[in-house]
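Dear colleague,

I am handing over the structure below, and my notes on what was found in it follow directly after.

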Amino acid sequence: MPPAGANRKLEFEQTALGELPVLYRVARRLTGDAHQAEDLVAQALLDAAKGWHSFDGAHPRSWLIRILRNRYLRHAQREASKPRHVQLNEAAAMQKDIWEDLDWQMIGPKILDALDELPEEYRTAVSLCDVEQMSYEDASLAMQVPIGTVRSRVFRGRRLLREKLAWVVNEDVS
Amino acid sequence: MFHNKNRTGPPCKHMEKLLNKTAEGSARGIARWYALAHAARCGPCRRFLNALIEMIARLRASKNEGLPDETAQRLKSSAAAAAANIPFDD
């Protein structure tokens with residue numbers, strides 16, 4: 001019979017392996033860099049292993065993303081380095097032309113680059129709810145904010161993303 | 001309800017949330033019907049809805065890009081290393 005801890009290790013490893021692609025994609029969006037994303041996932045997994053004994057088993061994806069994001073935010077705060085993003089003006093994002101048809105052949109590969117340039121709270125909300133297709137409830141658990149806040153961030157994030165994409169097209173055309 | 005297909009400008013302020021829910025698929029029943037009916041008659045809201053649907057579809061599709069093999073291997077090793085840190089004693 002395996003020791004009690006062996007099962008816990010196995011359970012952790014199986015849970016973590018199943019969530020690795022999601023964790024990496026979220027980390028990639030948070031850091032904006034492939035190597036930093038790998039480091040962030042590795043550190044988050046260590047944090048998760050330490051806290052595995054207190055995890056109740058519900059919403060493992062949200063739990064792991066919460067650990068990942070907290071680790072990222074602590075790091076960003078410690079380094080006093082803000083995530084790279086351009087200043088976006090929501091008033092500008094309401095301009096009429098940003099909702100006109102865009103050339104998706106041109107934009108397609110750039111959509112994630114544009115997402116990477118949004119402020120962190122919007123980037124994470126759009127990444128979790130639109131890219132990962134998590135429910136608002138799961139995203140709220142991951143982000144530790146109320147569901148209404150997640151919803152609001154997703155809506156505003158989409159608006160900012162759209163503004164960014166329209167800007168990308170205009171830059172490429174000019 | 002607006003009946004101006006040719007109007008230009010931003011979408012109707014009061015419709016934005018509902019159009020977002022419609023675009024992502026979370027609006028149901030009469031709410032969804034109302035949003036679609038409004039968008040059919042309001043140019044800016046129709047363009048807004050179509051643009052959102054397209055953008056969300058692109059974002060969802062980006063999830064399907066797989067991890068590079070080397071990255072996947074390194075991440076699996078990280079998971080195994082983290083699991084090894086879990087103490088045996090309960």
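Across the interface of chain A and chain B, 9 residue pairs are in polar contact, both residues being at pLDDT 80 or more; a polar contact is a pair of N or O atoms within 3.5 Å, where within protein one must be able to donate a hydrogen and the other to accept it, and where residues adjacent in sequence count only if both atoms are side-chain atoms. On the chain A side, helix 1, helix 2 (34-51), helix 5 (111-116), helix 6 (120-131) and helix 8 (147-173) each supply at least two residues that touch chain B, and the largest share of that side, 13 residues, comes from helix 1 of chain A.

This is a predicted model, in which local features need pLDDT of at least 70 and side-chain atom pairs count only at pLDDT 80 or more, whereas totals for chains, interfaces and linings use all residues. Residues are numbered from 1 along each chain as its sequence is written, chains are lettered from A and ligands numbered from 1 in the order in which they are written, and side-chain values use heavy atoms, with hydrogens and water left out.

The contact (heavy atoms within 4.5 Å) takes 43 residues from chain A and 39 residues from chain B. The area buried between the two chains, that is, the accessible area (1.4 Å probe) that they lose on being put together, summed over both, is about 4000 Å², and carbon and sulfur atoms give 66% of it. Between chain A and chain B there are 3 salt bridges, each defined by a side-chain nitrogen of Lys or Arg within 4 Å of a carboxyl oxygen of Asp or Glu; the side chains of B:E16 and A:R159 meet in a salt bridge at 2.8 Å, N to O.

A:R25 lies in helix 1 (residues 4-31) of chain A and counts as buried because its relative accessibility is 14%, the classes being buried under 20% relative accessible area, exposed over 50% and partly exposed in between (1.4 Å probe, protein chains only). Apart from neighbours within four places in sequence, A:R25 is in contact with A:E132, B:K63 and B:E65.

As for the fold, chain A has 8 helices and 0 strands, where helices (H or I, at least four residues) and strands (E, at least two) are DSSP runs, numbered from the N terminus. Of the 174 residues in chain A, 51% are buried.

Best regards
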